[in-house]
Each structure stands twice: as structure tokens, then as C-alpha cells.
Amino acid sequence: MSSELRALWTHAGGLLPDDWPIVPLESLLRDGKGIAVGVMYPGPDTADGIPLIKVGDIKDGVISKRPTYCISAETNHEYRRTQLEGDELLITLVGNPGECVVVRPEMRGWNPARAIAVLRLADAGLRTYIKAVLESSAGKHLIDSVLNTTVQKTLNLKDIRRLPIPMPDRATVQDISSVSDCLTERIGLLRETNTTLEAIAQALFKSWFVDFAPVRAKQQGWVPVGMDEATAALFPTGLDDSALGPIPTGWRVRPIAEVVEAVFDGPHATPPESDEGPVFLGIKNLTGTALDLGDIRHIAEADFVQWTKRATPRAGDIVFSYEATLGFFALIPPGLRCCLGRRLALIRPQKDHADGHFWFHQFIAAPFQRLLAQHTIQGATANRIALKHFPSYSVLCPPARLRSAFDAVVAPLWSRIHANQVQSQTLTSLRDTLLPRLISGQLRLPDAAVQITEACT
């Protein structure tokens, strides 16, 4: 068995010192029932219920926030076998099969969905190391080789059990785990920081353009809180009726077609992958309100020309998903050469993107998301937004000076967000480079620590 596993590992491109044993993953489980899938039938979302972890909650090996979907206590009791104790390893079975999450103590009591496998190990201290092995280039190759692709890429429990795991001495395992932990925690911190920055920008938009808080304050004879005199003067003192309900006096309701240059959809195919070159954006790169560039696909320059015939995305453009996963929007950051994949479309605001941040926040705001939901076409296999009707949707259009004032306030926040995204991408690439070399014995911890320090400064 050991020789067969070693041959599998070597064939997948993994290197291994001769004195390192290699074992099947199932031999590291707590017992014969140490691996199971999560909740098969979650039922309706239940207020104050038990958080349900879905594949979409996992990004680059991290669950950055408490899941919003909850199951009832009765459903959780039915699937109590997989309710988390706080010392498990999770592995995704669909979506991006093989992505791993080390369960943290604060996740105790949550339950994963059926698209996620729960592994309970005899030695819980091996979780980070096994995660590093499975997410190394050799581990990913082995997982890809056993995926069932009949309907969608799916990883089966029996194949997880048979995956080969190199097992060096305890000190080496700890060294590899410490590097993986350091990089994962740093990437997670950058994501959490971005979530906070996004929330600040969204809260400001809601105050100004949804709740009209400055207008209502001036109606009461108050000075708008946290706002300089020049900005406060841009807001009127009254509200008028409109197709969208009461809006500040002088503001207009206009169709999207009047405030953007165009709406472009991406090609309905996928070009060949390249080792380097422009980024090919897929629906997996949209997290809801931002681009996730931690897992990207490159295409060759020749294909880039072909795939951007209609429009080449540029800084300030707004990309959004219009099929399957609906209503996710993100700003194209400066310096990103990219093209659109299937199920993505591009909005190009007028005036050389002077209002890019404003329009982006309008599209992710609750009123516009409700508008999208009303016009969603329910399909047999996937729901979608009819792009031909999208330009006719109504949007709120405040005066240009007020839109510019909002952009001036939030632009520094998004510059910080984009910088964090770049560093996160750098650290993800570094992790993908360092861990295979540590697992193969080609690199030792002191050298890896130097590279991590340089990337974080």
C-alpha cells in the first residue's frame, strides 16, 4: 500500500524524501465513522437557529464570518452527527472541491451542509498539516484526478479516504503547520479588514442615498452629523414623490441606460488556461461586493484579444453576475488586466467613471437588489437576469456634485481594499509556492520565514 501511495504522490508531481512514510488519509481518522457529509435537507432559514456552513461561506480556506443561513433545532438534531465540536477539518465536495477549513473553537455548534465533508482525526493537531498537503499542487492534482464530473465536479468520501498523506516527523509537521497557519491567518485578516471597510462605505451610502438622513436632519433644523458644511449644503431640505417613493427634492429617477455608456455581457465559452497573462474572471471571483483574486485563472495574450472584442474591462467598470449566482457586483480595480467569463456582465458608467463608486453602491444597495429579485427569470436549471431589460431598470440619480462628494469620501476606502486584495493574492501565491517545497523537504522553516516576512512588509 505504501509503495502504491508513494507512486501516486510522485505521479502527481510531489517530491518526498525516502525516509518519509506515506499513509492513506483514512488511517488518520478517529474511527471508521470519522468522515461524513453534512446536512442533506436543511429546510427553511430559521431565525435564531443553528448556523449552517455552505460552500459559498468558504473563501480560500477561511470562513470569515458567521453564516447567515440557519437551520432549526429539530433539523440540527436530525443531523447531530456532523454538528461541529470545534476540532474538525472540513473539505468541500462541490464548487471548488478539496478546499479545506480548520474548524475554530468559536465554530462549535455550527453544522455544515451536505456539500461539505466533516473529518474527525485521531490527532486533531494534524488538521492544519493535512490541509496544507491537500491544498499543495500535488494534493490538488490528486483530488482533480478523482473528481466525478458527470453533472458538476464532485469529490466523493471514498476517494478522500484513499488520498495519500506524507507523514514526516512531528517537528517537520509542526513547521509546515506554522507556515500554513501564519499565511492563512494573514490572508483571513486582510479579508476581514476589507469586509469592515466595505461595510463602512455601504453604511455611508445607505445614510445619504437610501435613508436620506442628511435631508431629514435639515428638515428638523439640525446639522447633519459627521458632515462638513460644504457637503451638507449639497442636500435639499425636502422630499418629493417619485416612481421609487419619496426622494429628495431636485433628485431624479432615470433608467440605467441614461447613466451608463453600455452594458456588456461576457462570452459564452471559456478560453484555454495559461500559466501567466491577463486574468480571466469567473463567477467564483465575485464574493458579493468585491472581487476575490485569491484563486485566479490566466489566459494567453492572443486569447485576451479575442475575448475582449466587445469591451476590455478597465478601472472603474462594474462587473456583475447575471445567471445562477445573481446580483453580485464588484469594481474593477486599477491595474487589473482582465476579461469576463460566462455569466458575468460589465457596466461602464458615463463620464470616464467619475461616478463609479456611487453607481456600484447603488447596485449593491437593498432597494436595487429587491428590484433585481422582482425581474429575475426563474429557469429550469438556473435563474437569470434578462440583460436586454437591465438597462431599463430605474435608478436614483442625485446631482453630479453630490455623487462626486460621495466618491471622494469612499475612494480612499476602496484604494485600501484593492491594496489588501493585491497583498492577499501575493500571500496566496507564496503559500502555494512554499508549502509544496516544505512538504517535499526542499525548504526549511527559517528560509520560509524570511520569504513570509518580506511578503508582509
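Asn-76 has its place in helix α2, which spans residues 73–78; helices (H or I, at least four residues) and strands (E, at least two) are DSSP runs numbered from the N terminus. The model is predicted, so that local features need pLDDT of at least 70 and side-chain atom pairs count only at pLDDT 80 or more, while totals for chains, interfaces and linings use all residues. Residues are numbered from 1 along each chain as its sequence is written, and side-chain values use heavy atoms, with hydrogens and water left out.

Asn-76 counts as buried because its relative accessible area is 6%, where buried means under 20%, exposed over 50% and partly exposed in between, for a 1.4 Å probe and protein chains only. Not counting residues up to four places away in sequence, Asn-76 touches Ile-50, Ile-71, Gln-83 and Asn-111, contact meaning heavy atoms within 4.5 Å.

Moving on to the sheets, 4 strands form an open sheet in the order β2-β8-β5-β6, with antiparallel pairing; two strands pair if DSSP finds at least two bridges between them. The edge strands, each pairing on one side only, are β2 (35–37) and β6 (100–102), and the twist averages 25° from one strand to the next. Inside this order, β5 (residues 89–92) and β8 (residues 116–119) are joined in the antiparallel sense over 4 bridges, and Leu-89 stands opposite Leu-119 of β8. Helix α3 (residues 127–134) lies across β5 and β6 and runs at about 165° to β6, with axes fitted to C-alpha atoms, for helices over the stretch in contact, and angles running from 0 to 180 degrees between N-to-C directions.

Leu-119 returns in the largest nonpolar core, which has 48 residues and in which Leu-119, Ile-130, Ile-160 and Ile-165 have the most contacts; such a core is a set of buried Ala, Val, Leu, Ile, Met, Phe, Trp, Tyr and Cys residues joined through side-chain atoms within 4.5 Å. Apart from it lies another core, of 45 residues, among them Phe-209, Leu-331, Leu-396 and Leu-402.

Strand β19 (residues 344–349) is mostly covered, since 6 of its 6 residues are buried. Leu-344, Leu-346 and Arg-348 point one way from β19, whereas Ala-345, Ile-347 and Pro-349 point the other way. β19 pairs in the antiparallel sense with β13 (residues 260–265) over 5 bridges, where Ala-262 stands opposite Arg-348, and also with β16 (residues 318–321) over 4 bridges, where Val-319 has Leu-346 as its bridge partner.

The loop between β16 and β17 (329–331) holds Tyr-322, which counts as buried because its relative accessibility is 7%. Leaving aside neighbours within four places in sequence, Tyr-322 is in contact with several residues, including Leu-344 and Ala-345 as well as Asp-265, His-268 and Arg-343. Tyr-322 and Thr-249, by contrast, are 73 residues apart in sequence and 33 Å apart in space, C-alpha to C-alpha.

Finally, the axes of helix α6 (residues 170–209) and helix α12 (residues 400–439) come within 9 Å and cross at roughly 165°. The two helices are therefore roughly antiparallel to each other, given that angles under 35 degrees count as roughly parallel, over 145 as roughly antiparallel, 65 to 115 as roughly perpendicular and the rest as oblique. The crossing of α6 and α12 is left-handed, a term used if the near helix is turned anticlockwise from the far one by less than a right angle, with right-handed used if clockwise.
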